[in-house]
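Reader: I would like to learn how to read the side-chain features of a model like this one. Please take me through them one at a time, with the general idea before each case.

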Amino acid sequence: MTPNSTKKRLVTNMHNLTAEQQEDLKALYPKGFSDVMMRIDKPNGDFFYAVPYETADTCYLVKIDVKIDDSAADVAEDDYYDDDEIKGADEISDDAGAMGDGDDDDMDD
């Protein structure tokens, strides 16, 4: 591409590309889009994800539909422990103490 290129620059959806262009795009990124996908922030605060795709006369930013899994945020907000103490910690420390009461003579050999 020359520095003074007059290629059109378009933002489009994957579904608006021709079948041939969609196949070219998939061939360009055979391992998927995750490594090249970029987040585009719009002035109103919305955003979308896109990947670059170039033809002989046009530079595209192709919008990719991304489903964001926000269930992880729900899990992170769960309160697993009601108090500052870990449940069962007393039993664990009692078991560890019982194991440590044995004869330590074999350690001195």
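Reader: How many aromatic pairs does the count come to by the rule for rings?

Author: Rings of Phe, Tyr and Trp (its six-membered ring) pair if their centres lie within 6.5 Å, and planes under 30 degrees apart count as stacked, over 60 as edge-to-face and the rest as tilted. By this rule the count here is 3 aromatic pairs. One of them joins Tyr29 and Phe33, whose centres are 5.8 Å apart and whose planes stand at 75 degrees, an edge-to-face arrangement. In another, the ring centres of Tyr53 and Tyr60 are 5.8 Å apart with 25 degrees between the planes, so this pair is stacked.

Reader: What should I keep in mind about the origin of these values?

Author: This is a predicted model, in which local features need pLDDT of at least 70 and side-chain atom pairs count only at pLDDT 80 or more, while totals for chains, interfaces and linings use all residues. Residues are numbered from 1 along each chain as its sequence is written, and side-chain values use heavy atoms, with hydrogens and water left out.

Reader: Is Gln21 buried or exposed?

Author: Buried means under 20% relative accessible area, exposed over 50%, and partly exposed in between (1.4 Å probe, protein chains only). Gln21, which lies in helix α1 (residues 19–28), has 16% relative accessibility and therefore counts as buried. Contact means heavy atoms within 4.5 Å, and, not counting residues up to four places away in sequence, Gln21 touches Tyr53, Thr55 and Tyr60. Both Tyr53 and Tyr60 are buried as well.

Reader: Which residues make up the largest nonpolar core?

Author: A nonpolar core is a set of buried Ala, Val, Leu, Ile, Met, Phe, Trp, Tyr and Cys residues joined through side-chain atoms within 4.5 Å. The largest one has 10 residues in all: Met14, Leu17, Leu25, Tyr29, Phe33, Val51, Tyr53, Tyr60, Val62 and Ile64. Strands β3 (47–54) and β4 (58–64) each supply at least two residues of this core, and the largest share, 3 residues, comes from β4.

Terms used:
Helix = DSSP H or I, 4+ residues; strand = E, 2+ residues; numbered from the N terminus.
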